[in-house]
Amino acid sequence: MKRLHRTTIALAAAAAAALTLSSCTQGGGSAEPSADGKPVTVTFQSFSDQPAAIQATKEIVDAWNKDHPDVTVEIVQAPTDSLDDKLTTQFAGGVAPDIIHYEVLGIVPFARDGYLADLTGLLDKKTMDDIDPGVLESVTVDGQIIGAPTELQTYVVFANKKLLDAAGVAVPTGDSMSWDELATIAKATTTGDVHGITWGLKSPTAAFMSLGMGFGSTYFTGEGDAMKVAVKDADLEVPNRVKAMIQEGSVDPIGVTQSGSDVLATFYAGKAAMTVQGSYQVANIATDAPADMDWVVLPPLAGSKGAVQAANPQTLSINVDSPHQKQAAAFLDYFMQTDNLVKMNIADGLIPTTVSAREALAKQTADKKGWPAIVTSAEGLRGPAFLQANGFVRWKDTVATPAFQKFLGGETDDKALTSELDDGWAQVNG
């Protein structure tokens, strides 16, 4: 995102934030009309692009509007491919919506620029207490809650049980699976033109940094504007393990150059025993996999620190300049109710962010293929350090991703990768 260098607007935003905090000390939103008794319309900009998710959002909004005639929520559909630019223009022009749907990774810079209300005193205590602690950590920036987290993904391993059986490999059970186990299974199921794993690593940074947390990986050091990349041994665990599997031939080399969705064709064709994917692919695999394919989701990958992954949830934030913050917060409390979060996450193939919704979804999907392991994979979520780093997205896209690609391709070693990642941060954020 293009950071905005503003003075007057920043001061106005800060003043508005201060007023918001002083007027919200009691906590909780309000579904009452404006002070003069007139009905209120709250604009809700959503970037959901899947038909099922769009429909679920509409159903939640329609139900709210039916029960709250004095506070109408109006959905505004946003583009998914240029949302940063759109929000930058909206905030700079003073025309941003009351409620903004995004993901925490994208919304953090806007929070740091003073455009978002602190939800600490706006959301109901019941809502706050229900949010998974690790997820709540991910939406906390400089001591402020910058968004209500609604849904998220983890990285999981999908497997073709028939190919595992043919190789004499027992399907792992339990709450987690070690990386050594994964490598052993991948090697055992690699034969002829069949690889043990097909993994779309065209853009590997997010997966490596999330799964690396299982080894204590952080990549970053410092706080606030002083944060910088400082690669340590723990940060190299996942890249090195993946590279080793590529070099021994158990990972499909073509898949390494493709996206996660692209390699599913190889998995469906029985040319790979396993594929590492975002958990949301469970909905696509359930629909698109061959009818006779006996697929399963293996236990979540665990490193030396356990089955820990990064929480990067989708969020609902409130515009700090919105004249309807109380009403917007009341709708967020409503959206975060257990039944609504289950509805949204089933539609998107994602995982709820609250304890109650995750428990409810677990019961509802207990007999659905893959879902129990996916729900389990969310038990180790933590707020990663990289979410707090200004300029992270720019570094990820222009430095980290090409550096990891060269490393996996055997063009560089550990030392060169470390140097590229460390020095690249200073180059793009200096």
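A nonpolar core is a set of buried Ala, Val, Leu, Ile, Met, Phe, Trp, Tyr and Cys residues joined through side-chain atoms within 4.5 Å. Buried means under 20% relative accessible area, exposed over 50%, and partly exposed in between, with a 1.4 Å probe and protein chains only. The model is predicted: local features need pLDDT of at least 70, side-chain atom pairs count only at pLDDT 80 or more, and totals for chains, interfaces and linings use all residues. Residues are numbered from 1 along each chain as its sequence is written, and side-chain values use heavy atoms, with hydrogens and water left out.

The pLDDT is the predictor's confidence in each residue, from 0 to 100. Its mean over the protein chain is 91. A value of 70 or more is reached by 92% of the residues. Over residues 1-26, however, the pLDDT is below 50. This stretch has 33 contacts in the model beyond near neighbours in sequence, where a contact means heavy atoms within 4.5 Å.

The largest nonpolar core has 127 residues. Those with the most contacts inside it are Trp179, Phe220, Met274, Phe331, Trp395 and Leu421. Helix α17 gives the most to this core, with eight residues. Helices (H or I, at least four residues) and strands (E, at least two) are DSSP runs, numbered from the N terminus. In soluble globular proteins, nonpolar side chains tend to be buried together.

Leu417, Thr418, Leu421, Gly424 and Trp425 are buried in α18. The buried residues of α18 pack against β10 (220-221), β11 (228-229), α10 (233-247) and α17 (392-408).

Helix α13 (residues 325-335) is mostly covered, with ten of its eleven residues buried. Among them are Ala328, Ala329, Phe331, Leu332 and Tyr334.

Thr205 lies in helix α9 (residues 205-211). At 1% relative accessibility, Thr205 is buried. Its side chain makes a polar contact with the side chain of Thr401, at 2.9 Å. A polar contact is a pair of N or O atoms within 3.5 Å; within protein, one must be able to donate a hydrogen and the other to accept it, and residues adjacent in sequence count only if both atoms are side-chain atoms. Beyond neighbours within four places in sequence, Thr205 is in contact with Lys396, Ala400, Thr401 and Phe404.

The structure holds 22 aromatic pairs. Rings of Phe, Tyr and Trp (its six-membered ring) pair if their centres lie within 6.5 Å; planes under 30 degrees apart count as stacked, over 60 as edge-to-face and the rest as tilted. The rings of Phe91 and Tyr115 have centres 4.5 Å apart and planes at 20°, so this pair is stacked. Phe91 lies in helix α3 (residues 83-93) and Tyr115 in the loop between α4 (104-112) and α5 (125-130), so the pair ties together parts 24 residues apart in sequence. Phe91 is buried at 6% relative accessibility, and Tyr115 at 2%.

The rings of Tyr219 and Phe404 have centres 6.5 Å apart and planes at 85°, so this pair is edge-to-face. Tyr219 is in the loop between α9 and β10, and Phe404 is in helix α17, 185 residues apart. Ring pairs link Trp179, Trp199, Phe208, Phe215, Tyr219 and Phe404 into a cluster.
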